[in-house]
Amino acid sequence: QVQLVESGGGLVQPGGSLRLSCAASGRVGSINTMAWYRQAPGKQRELVALITMGRATNYADSVKGRFTISRDSARNTVHLEMNSLKPEDTAVYYCNIGMVLDGIGYGYWGQGTQVTVSS
């Protein structure tokens, strides 16, 4: 089993910054992708940012230029640096990993961390 522990959420004013972190532990295999998703009240969960094993990245259009995803492969950790935050960024943010262990692919989710952007 793999556990994902997220940290770094909270309340921030518009224009502010937050840094989310997610650490994977347990039977962690070869991690191919690490990503952040978010879900606002009444909306579907959406991809925010993704980073591959080769450090290629993909961002939602709404966060391009403001958010940066990075990973520390040695520590099985992924970070999301969020700048110039807007009220519409308010959501629960979830960490996700895609990995292979013993030839089988797995996907895991974190428990979510609340980000609230409000004055």
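Buried means under 20% relative accessible area and exposed over 50%, with partly exposed in between (1.4 Å probe, protein chains only). The views show a predicted model, in which local features need pLDDT of at least 70 and side-chain atom pairs count only at pLDDT 80 or more, while totals for chains, interfaces and linings use all residues. Residues are numbered from 1 along each chain as its sequence is written, and side-chain values use heavy atoms, with hydrogens and water left out.

View 1. R66 sits in the loop between β6 (57-59) and β7 (67-72); strands (E, at least two residues) are DSSP runs, numbered from the N terminus. R66 is buried, with a relative accessible area of 10%. Leaving aside residues up to four places away in sequence, R66 is in contact (heavy atoms within 4.5 Å) with E81, M82, N83, S84, L85, K86 and D89.

**View 2. Salt bridge between R38 and D89.** A salt bridge is a side-chain nitrogen of Lys or Arg within 4 Å of a carboxyl oxygen of Asp or Glu. In the pair R38 and D89, the closest N and O atoms are 3.0 Å apart. R38 belongs to strand β4 (residues 30-39) and D89 to the loop between β8 (77-82) and β9 (91-101), so the pair ties together parts 51 residues apart in sequence.

**View 3. Salt bridge between D89 and R66.** The N to O distance here is 2.8 Å. D89 is buried, with a relative accessible area of 1%.

**View 4. Salt bridge between D72 and R75.** The closest N and O atoms of D72 and R75 are 3.0 Å apart. D72 is partly exposed at 22% relative accessible area, whereas R75 is exposed at 61%.

Terms used: Helix = DSSP H or I, 4+ residues; strand = E, 2+ residues; numbered from the N terminus.
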